[in-house]
Amino acid sequence: MTPTTAPPARQPEPGAPPPALRVEGLTVDLTTPTGELRAVDGVGFSVHKGRTLALLGESGCGKSMTAQAVVGLLDPVARVTGGTAHVNGTEVLGLSRSQRARLAGPVLSIVFQDALTAMNPVRTVGAQLAEPFRIHRGLSRRAARERAVELMDGVGIPEPRARARSYPHQFSGGMRQRLLIAMAVALEPDVLIADEPTTALDVTVQAQVMELLADLQARQGMALVLITHDLAVVAEHADEVAVMYAGHVVETGPVTEVFTHPRHPYTRGLLDSVPERAAKGRPLHAVPGSPPELGSIPTGCVFQSRCPLAADVCAAERPRPRPTGPSRAAACHRSEELASD
Amino acid sequence: MTDVSPPSDQPAPLLTATGLRKSFRVARNRTGNARLTALDGVDLRVERGRTLGLVGESGCGKSTLARVLLLLERPDEGTLRFDGIDPFTLRGRALRAWRRRVQMVFQDPFASLNARMTAAEIIAEPWRSHRDIAPEGARRDTRVRELLDLVGLRPGDAHRYPTEFSGGQRQRIGIARALALGPDLIVCDEPVSALDLSVQAQVLNLLADLQRELGVSYLFISHDLSVVRHVADRVSVMYLGRVVEHGPAEEVLDRPVHPYTSALVSSAPSLELTGDGRRRTVLQGEIPSPMDPPSGCRFRTRCPRATTVCAEAEPPPATRSGAPSGTGDHRGWCHHPLGPTPAPP
């Protein structure tokens, strides 16, 4: 396994404020019947106040587990075995449950993909939305309920006062996602992690939800970590991107640069396989094969078996993230060969 | 409705559907039973060896339409013509023979394969219902191997089980199963949306290759406009049980007539639009309940161009305003069609 301290993707300029969230060398292991598996291996990224970082990757690449590790909601079979996560300069991975609970909401918050299972089905949404105000702010039931109604209004729920008495299943998918976002931003967190927030929604509703997230970010100035598999969502909504593959961050940098001049063959393969970029009627540029299973991640580069540039060094040695430009890095032995075009 | 008849210089289409209606009785609390109108007068045309893209949000009737085309549902009204015959008039042996001509590829390659059958058994299973064309003995294994080869799997894969395959490989097995009966039309219901992006391209390329080699037609149901733009020759856009626009794929997606198509195109996130250059017209609201659709134009409750006429009258077929009428078959059903110079709403 590689050393668990990957160099940070970007060095902060002198005098610049520290990032709202900085993750370094994060490693998560899973206990399975067949033994220990490493699901997240030395992942590092950072995101500043008011900025959006996309954690981009395909299913099973470890992006959701990275998010769960940061917010302290890992499945019991998974545990953090290395690395740090600093929120506003405070390390959070080593905190106790009660210390964590104090951060959850006012400092660090998460929006899940599936709004129906993320809410309590037997309590009204008004009561659920009022909860953070009662717990963290000590508001009275009546005052907290008022704040919940304001919150529902703020995320575009029509007739919020009446709808506060409804249960989650009485809302459409798009409205439930709005409620979940409302819950997550209720206490104006510094860092909001959104795990595939629009994947389950129809396109016209997706656009509404992304617009809502952007509005809230502009209003509250929070740092947003957007976890997604959708390149177009990244292109439209993120400032920086960290591309993940098989538990590793393989490339980081500003979205506009990474997407126009990728320096990792996996990033380039993803971009080339988007139908939008292909001539109609011509074959798409497919990446051959499929991602490796967690149990059979090769030594050396994790992408070597699917990589058109793979050489002997790629099988022998796992590439460390190296700078490929200002505030950019790629974990590839051969990234220079992608620089020419 | 005659709008789906092709220009006379083209060969007869493989499939035409005219005025399909289908409603379901659903139990509703307190107020008793209600009817959900899933298809409300749908016209459709699939050309031979071509791909029709079917686009729309959840609840628009795409899946009910697919079920009607597979004869899994009988429409309340309307006609279906497939290669000159109405398949709903067929019985017995003739119906069985017809069924092999339309096959299906499902969205979820994990749920649509029996985990207790090998790839070879899955691919050969359709032959159990069609013994008259089932290859016998050694021919059977040869044919399975040919099908595996056709979809890019190895002969050694024949005796492996679904869990041993990746999502993309499973979808290849599902495609081989659909091909086993030599269909004329394959209904592909979101065939790549459960696959990872890097694998999606492989499967889309395979479908294109198969169409070129075998001349099979596709009805390609998808919510992903960039995929539809790439694979479809023609596109039909559905909203609340109706086709609101149809025509050649590029025409419809690049120069839409209907405000709903335009909103769909503009809602779809795009790679070519990075940073702050957002030109989005975000649609307000969500699809109304198909149990209680709006009067007149179904889309008027969310439409930025809606006026009183939209609530009062069914929208007429329209071409893009300013375009010479009667050229091509690009139509949208709208009182205020879009055009190069926007008509005053």
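**Strand β7 of chain B and its surroundings**

Reader: In β7(B), which residue is the bridge partner of B:Leu185?

Author: In this predicted model, local features need pLDDT of at least 70, side-chain atom pairs count only at pLDDT 80 or more, and totals for chains, interfaces and linings use all residues. Residues are numbered from 1 along each chain as its sequence is written, and chains are lettered from A in the order in which they are written. Helices (H or I, at least four residues) and strands (E, at least two) are DSSP runs, numbered from the N terminus. The bridge partner of B:Leu185 in β7(B) is B:Ser217.

Reader: What is the hand of the β-α-β crossover from β6(B) to β7(B)?

Author: The chain passes from β6(B) through helix α7 (residues 197-214) of chain B to β7(B). A crossover counts as right-handed if, with the strands pointing away from the viewer, the path from the first strand over the helix to the second runs clockwise. This crossover is right-handed.

Reader: Over how many bridges do β6(B) and β7(B) pair?

Author: Two strands pair if DSSP finds at least two bridges between them. B:Cys188 stands opposite B:Phe220 in β7(B). Strand β6 (residues 185-189) and β7(B) pair in the parallel sense, and the number of bridges is five.

Reader: Why is β7(B) described as largely enclosed by the rest of the structure?

Author: A residue is buried if 20 or more other C-beta atoms lie within 10 Å of its own, exposed if 12 or fewer, and partly exposed in between, with C-beta atoms placed from the backbone. B:Ser217, B:Leu219 and B:Ile221 point one way and B:Tyr218 and B:Phe220 the other way, all of them buried. Strand β7 (residues 217-221) is therefore largely enclosed, its buried residues numbering five of five.

Reader: Which strands of chain B are the edge strands of the open sheet?

Author: Eight strands form this sheet with mixed pairing, in the order β5-β6-β7-β3-β8-β9-β11-β10. Each edge strand pairs on one side only; they are β5 (102-105) and β10 (317-318) of chain B.

Reader: Which element gives the most to the side of chain B that touches chain A?

Author: Two residues are in contact if their C-beta atoms, placed from the backbone, lie within 7 Å. By this criterion, 34 residues of chain B are in contact with 37 residues of chain A. With nine residues, the element that gives the most is α7(B).
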